[in-house]
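Student: I have a structure open and would like to go through some of its parts. Can we start with a hairpin?

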Amino acid sequence: MTYRAPINDMLLALTHGAGLKAAVDAGHYGDFDADITAAVLEEAGKFASDVLAPLNRVGDEHGIKLDAGKVTTAPGWPDAYKRWTEAGWNAVSGPESFGGQGLPLAINAACTEIWSASNVAFGLCPLLTLSAIEALDAHGSEELKKIYLEKLVSGEWTGTMQLTEPQAGSDVGALRTRAERASDGTYRIKGTKIFITYGEHDMTDNIVHFVLARLPDAPDGTKGISLFLIPKFMVNADGSLGARNDIYASGVEHKLGMHASPTCTMTMGDHGGAIGYLIGEENQGMRCMFTMMNQARLGVGLEGVGIADRAYQQALAYAQERRQGRAVGKRGDGSDAIIAHPDVKRMLMQMRAMTAAARSICYATAVALDVAVRATDAKVRSDAAARGALLTPIAKAFSTDIGNEVAYLGVQIHGGMGFIEETGAAQHYRDARITPIYEGTNGIQSIDLVTRKLAVNGGASVWALLEELAATVKQVEASNDPAFGTTGAKLRDALGSLERASRWLLERVPTAPNDALAGATPYLRLFGSTLGGCMLAGEALAAKGNGVGEPQRYVALARFFAENVAVHAASLEKTVTDGADAVNGADAVLLS
């Protein structure tokens, strides 16, 4: 089956769950006309269904090939990318001063979900280009912007992010790539980077690499890292391409999934050193790189949402077609579609509810990041920036965990056929597995949430968010709609668990950091499931109040999540608060 973007679900999540309508009504989006949102998503859905989705299987089967430093992508890939840029999709949220459409990040986030659902390996390329645009626009010199930004915004050139080295993965400060100052103000970079997504390909005639390296007199660790722009081909004064720079793909990885996305080993310095241009200031590269990474982390979270939705759509279609056994109470000859069986219904509802929750969290992150730069009031911008910072690790980790879990259930619903490559269910499972790993492992996201984001202003951002969620729960309870079942009570209990776990961690981070770190991952799950459940309930209320589609459908979805997912909050709380001793005492088992 092909992919169809769930436009109504996306619009409800974006407009009401994520708060886009409220932000627009408050004037935080200036003169942005929110009425165009549906039209943009409709067109994105058509492009994804017609162009990208048919290439998903092609890319998985053919993969990529490296020959003499050149990577050839799967059949149809370059043409699809050309059509992509010509249609303006790469420029959706790009700055208007450099040819972009200037639409909100929230709109582009919804589009990113669509690209990821239809063809995640393809969508990964522009995702990184968007991050490169953000870094260059925020930290690059006016001269570099003039040369490179318009080409990146249009998609005529793509961008990469180069951090990882064999000895420096999550520990970026251990990198050894060297940069030396040249007399003309440029730098010469020598070293090797691994796991570089789209480090080399044949879809554009130039690639703009953003590379972390260390100057000879730089301090140790992350304080001594600088960020450099290194073009694949040098750019002449008239804008034409010049000589090939000293940066090459010396290898490609053979991977579990994402076969169509080239993951390259990049070598610099075989011919004197790659010519690079400083982004920002010397030894301030991590600050610049985090501009890229935070954008990419939201994008990867949306990959998790996209893969989950594609896996759900396929599993639903299969469950409606596959006949096996008889439904309880049915008489007569023949078998029933497996969707008639309660356990299959449960799995499908879990897939859909978890996907919807992750979607809303990612969209809310994008809206917060939008308001942080678009609002006119300084306090509104500051509060939104804090909200966006708080939500980013949750969006990345929770949503990619959900992508894996939903893809797993998709294989299960297919039964034995899910283990067979021909159905495509296995590809979603394989493709999803990288998402909790790259752009900062989900363990790193949990640590970031507990040690940095939670404690900002004494937890003020967390308490403000919990107050909003409590107001939603109160509205659910006040609705007296029996269709909600015990949704209000279950979400109120979850909020209580989240508040208690948050206060416990705030006390432990400065006094017993290992105890806090031991509970970081279950805490992020507790936060994500509670937040997601409350957001789904809010969307259900909005659907009822506005007559969106079939409102009872959204009520049923919110109820399922509250009564089947959010109910784990109490056990997650206990894992956070009572599990530290078991984790910290594990050496007796692990090292014996």
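**Hairpins, strands and helix pairs**

Tutor: Glycine 239 has a positive phi near 90° in the hairpin of strand 8 and strand 9, where 5 residues sit between the strands. Keep in mind that this is a predicted model.

Student: How many bridges join strand 8 to strand 9?

Tutor: There are 2 bridges between strand 8 (residues 233-235) and strand 9 (residues 241-244), and the strands run antiparallel. Valine 235 is the residue opposite leucine 241 in strand 9.

Student: OK, next one. Which glycine has a positive phi in the turn between strand 4 and strand 5?

Tutor: Glycine 185, with a phi of about 95°. Strand 4 and strand 5 form a hairpin, with 5 residues between them.

Student: And how many bridges do strand 4 and strand 5 pair over?

Tutor: Strand 4 (residues 178-181) and strand 5 (residues 187-197) pair over 4 bridges, in the antiparallel sense. Glutamate 180 has arginine 188 in strand 5 as its bridge partner.

Student: What stands opposite arginine 188 in strand 12?

Tutor: Isoleucine 275 does. Strand 5 and strand 12 run antiparallel and are joined by 3 bridges.

Student: How many bridges are there between strand 5 and strand 11?

Tutor: Strand 5 pairs with strand 11 (residues 263-268) over 5 bridges, again in the antiparallel sense. In that pairing, isoleucine 196 stands opposite cysteine 264 of strand 11.

Student: Which residues other than glycine have a positive phi?

Tutor: Alanine 68 is one of them, with phi near 55°. Alanine 68 is in the loop between strand 1 (65-67) and strand 2 (70-72). Asparagine 283 is another example, with phi near 65°, and asparagine 283 lies in the loop between strand 12 (274-279) and helix 7.

Student: Is alanine 68 buried or exposed, and why?

Tutor: Alanine 68 counts as exposed because its relative accessible area is 75%, and the cut-off for exposed is over 50%.

Student: Change of topic: helices. What describes two packed helices?

Tutor: The angle between their axes and the distance between the axes.

Student: At what angle do the axes of helix 5 and helix 6 cross?

Tutor: The axes of helix 5 (residues 105-139) and helix 6 (residues 142-154) cross at roughly 155° and come within 10 Å. Helix 5 is therefore roughly antiparallel to helix 6, since angles over 145 degrees count that way. The crossing of helix 5 with helix 6 is left-handed.

Student: Which residues meet there?

Tutor: From helix 5, Thr129, Ile133, Leu136 and Asp137. From helix 6, Leu144, Lys145, Tyr148, Leu149, Leu152 and Val153. The residues of this contact divide into 7 nonpolar, 1 polar and 2 charged.

Student: Back to threonine 129. Is it buried or exposed?

Tutor: Threonine 129, in helix 5, is buried, with 0% relative accessibility. Leaving aside neighbours within four places in sequence, threonine 129 is in contact with Asn90, Leu152, Trp157, Thr158 and Gly159.

Student: How far apart are threonine 129 and leucine 215?

Tutor: They are 86 residues apart in sequence, and 26 Å apart in space from C-alpha to C-alpha.

Student: At what angle do helix 3 and helix 10 pack?

Tutor: Helix 3 (residues 36-62) and helix 10 (residues 425-432) pack at about 70°, and their axes are 11 Å apart. Helix 3 and helix 10 are therefore roughly perpendicular to each other. Asn56, Arg57 and Asp60 of helix 3 make the contact with Gln427, His428 and Arg430 of helix 10. The residues of this contact divide into no nonpolar, 3 polar and 3 charged.

Student: And how do helix 15 and helix 16 pack?

Tutor: At an angle of about 160°, with the axes of helix 15 (residues 520-546) and helix 16 (residues 551-564) 8 Å apart. That makes helix 15 roughly antiparallel to helix 16. Helix 15 passes helix 16 in a left-handed crossing. The contact includes Gly532 and Gly533 of helix 15 and Tyr554 and Phe561 of helix 16. Its residues divide into 9 nonpolar, 4 polar and 1 charged.

Student: Last one. Where is aspartate 309, and what does it touch?

Tutor: Aspartate 309 is in helix 7 (residues 285-321). Aspartate 309 is buried, with a relative accessible area of 6%. Not counting residues up to four places away in sequence, aspartate 309 touches Tyr3, Pro6, Glu113, Thr355 and Arg359.

Key. Residues numbered from 1 in each chain as written. Predicted model: local features only at pLDDT ≥ 70, side-chain atom pairs only at ≥ 80, totals over all residues. Heavy atoms only, no water. Axes fitted to C-alpha atoms, helices over the stretch in contact; angles between N-to-C directions. Parallel < 35°, antiparallel > 145°, perpendicular 65-115°, else oblique. Left-handed = near helix turned anticlockwise from the far one by under 90°. Contact = heavy atoms within 4.5 Å. Nonpolar A, V, L, I, M, F, W, Y, C, P; charged D, E, K, R; others polar. Pairing = 2+ DSSP bridges. Buried < 20%, exposed > 50% of the residue type's maximum accessible area, 1.4 Å probe, protein only.
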